[in-house]
Amino acid sequence: MDPTTAGPGGDTPGAPAARRRRELTYAVLLCLAGAGLALWASTRTWSVELTVRPTPLPPVREARTGAGLLPWLSALAVVGLAGGGAVLATRGALRRLVGALLLALGAAVAAGGGYGLVAAFDGEVSRQWPALCLVGGLLAGAGGALTALRGAGWPAMGARYERPARRVGAEPGPAAAGPVTGRRTTEAWDALDRGEDPTAG
């Protein structure tokens with residue numbers, strides 16, 4: 001059968017693997033972009049409070065960032081950035097657990113942004129930064145949800161370098177039979193890839 005022939009459902013043999021890689025990429029980008037946006041928005045000035053002093057002294061202007069008003073907000077965003085890397089480094093059930101944690105974290109960050117949109121802060125209030133924080137939390141949460149639902153089947157970082165398992169009773173191929181007799185660098189590396197000692201023989 002032609003390897004490029006579409007199988008059942010219209011997918012070519014490499015299509016499922018390519019789709020899983022794309023899903024992994026989308027999830028990581030969503031987590032990183034959402035957490036990064038939320039972290040940046042939390043460092044912006046959300047409110048400016050003016051304290052009036054006796055004449056002729058000018059009023060005191062006190063600017064408060066989102067992180068100053070909600071100290072846990074920026075901490076969760078930093079954890080979200082780390083979680084994006086953890087999605088790449090984990091696999092299977094552990095990756096799904098990371099996704100669930102990122103979903104909860106994104107929901108908490110979005111809740112913080114939503115609170116900033118409706119809270120009655122003193123002084124002049126800038127609502128665009130809490131709104132961006134809300135969007136960032138939703139993006140990170142979406143990446144976590146995608147990971148929790150489908151992450152178990154995604155490839156792991158460095159998986160293509162792992163030695164494939166040999167079937168029980170299978171005969172070794174020509175490349176795996178016998179020790180390497182040459183001493184060239186490429187042959188030695190090939191031997192190590194097959195699990196052989198290049199100095200043997």
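Biologist: Which backbone oxygen does the side chain of Thr90 reach?
Modeller: The side chain of Thr90 reaches the backbone oxygen of Ala86 at 2.7 Å, a polar contact (N or O atoms within 3.5 Å, one able to donate a hydrogen and the other to accept it). This is a predicted model, in which local features need pLDDT of at least 70 and side-chain atom pairs pLDDT 80 or more, while totals for chains, interfaces and linings use all residues. Residues are numbered from 1 along each chain, and side-chain values use heavy atoms, without hydrogens and water.

Biologist: Where is Thr90 found, and is it buried or exposed?
Modeller: Thr90 is found in the loop between helix H3, residues 71–89, and helix H4, helices being DSSP runs of H or I with at least four residues and strands runs of E with at least two. Thr90 counts as buried because its relative accessibility is 11%, where buried means under 20%, exposed over 50% and partly exposed in between, with a 1.4 Å probe.

Biologist: And what does Thr90 touch, leaving out residues up to four places away in sequence?
Modeller: With that exclusion, Thr90 touches Arg95, Val98 and Ala156, a contact being heavy atoms within 4.5 Å.

Biologist: OK, switching to Arg44: where is that one found?
Modeller: Arg44 is found in the loop between helix H1, residues 15–42, and strand S1, residues 45–51, and at 30% relative accessibility Arg44 counts as partly exposed. The side chain of Arg44 reaches the backbone oxygen of Trp40 at 3.5 Å, and a polar contact of 3.2 Å joins the side chains of Arg44 and Thr43.

Biologist: Which residues does Arg44 touch beyond four places in sequence?
Modeller: Beyond that range, Arg44 touches Arg64, Thr65, Gly66 and Trp129. The C-alpha atoms of Arg44 and Arg64 are separated by 8.2 Å, although these two residues are 20 apart along the chain.

Biologist: How many salt bridges does the structure hold?
Modeller: The structure holds 1 salt bridge, meaning a side-chain nitrogen of Lys or Arg within 4 Å of a carboxyl oxygen of Asp or Glu. In this salt bridge the side chains of Glu23 and Arg150 meet at 2.9 Å, N to O. Glu23 lies in helix H1 and Arg150 in helix H5, residues 128–150, so the pair ties together parts that are 127 residues apart in sequence.

Biologist: How many residues make up the largest nonpolar core?
Modeller: The largest nonpolar core has 12 residues in all, among them Trp46, Leu105, Phe121, Trp129 and Cys133; such a core is a set of buried Ala, Val, Leu, Ile, Met, Phe, Trp, Tyr and Cys residues joined through side-chain atoms within 4.5 Å. Helices H1, H3, H4 and H5 each supply at least two residues of this core. A second, separate core of 8 residues includes Leu24, Ala27, Val87 and Val98.
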